[in-house]
Amino acid sequence: MPKFSSLPETRLEVAERAKHCCEYCKSMDTFSPNYFTVDHILPEPLGGTDSLGNLAYACYLCNRLKSNKLSIYDSIPNTWVALFNPRTQDWNEHFAWSEDLTSIVALGAVGRVTVEVLQLNRPKLVAYRKAVIPFGVHPPA
Ligand SMILES: [Zn+2]
């Protein structure tokens with residue numbers, strides 16, 4: 001279950017570090033009707049702490065879909081693959097935008113399992129991206 005609030009100052013620091021974008025799907029909180037959350041990358045039930053190094057800014061659905069998952073069995077390399085970690089990995093090394101900028105393209109196993117599990121191209125996200133492109137706010141810098 002996503003955590004809706006951390007300490008307000010921690011929440012603001014996490015949001016500002018992420019430039020108010022979900023660190024997984026890159027949607028912006030400014031344009032979202034849903035509340036954004038603070039994700040524990042290593043979930044609290046597995047020993048994750050509230051330190052900034054374990055926190056990521058995430059939209060409600062990315063956080064909900066990630067839940068307590070850390071890795072996923074991927075049939076292509078036939079092994080367990082860790083989900084994308086926004087604190088230790090660079091988004092641009094694991095994902096790219098499609099030519100029309102509406103979909104996230106996986107660049108390898110980490111990207112592939114993360115796109116699949118977090119449904120990073122869910123129809124409402126694709127529609128959101130199409131809607132905000134004309135305003136010059138997508139893709140985020
Ligand atoms: Zn998201």
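Trainee: How many of the contacts between residues at least 6 apart join residues at least 24 apart?
Mentor: In this predicted model, 58% of them join residues at least 24 apart in sequence.

Trainee: What does the C-alpha trace span along its principal axes?
Mentor: About 40 × 40 × 20 Å. As for burial, 28% of the 141 residues count as buried.

Trainee: Switching to the core: how many residues are in the largest nonpolar one?
Mentor: The largest nonpolar core has 26, and C22, Y24, C25, Y57, A58 and C62 have the most contacts inside it. Two or more residues each come from β1 (36-40), β2 (55-59), α2 (60-66) and α4 (109-117).

Trainee: Which element gives the most?
Mentor: β2, with five residues.

Trainee: And which way do the residues of β2 point?
Mentor: L55, Y57 and C59 go one way, A56 and A58 the other, and all are buried.

Trainee: What sense does β2 pair with β1 in?
Mentor: Antiparallel, over five bridges. V38 sits opposite Y57 of β2 there.

Trainee: Back to C22. What is it in contact with, leaving aside neighbours within four places in sequence?
Mentor: C22 is in contact with S27, F36, Y57, A58, C59 and C62.

Technical notes. Residues numbered from 1 in each chain as written. Predicted model: local features only at pLDDT ≥ 70, side-chain atom pairs only at ≥ 80, totals over all residues. Core = buried A, V, L, I, M, F, W, Y, C linked by C-beta atoms within 7 Å. Buried ≥ 20, exposed ≤ 12 C-beta atoms within 10 Å, placed from the backbone. Helix = DSSP H or I, 4+ residues; strand = E, 2+ residues; numbered from the N terminus. Contact = placed C-beta atoms within 7 Å. Pairing = 2+ DSSP bridges.
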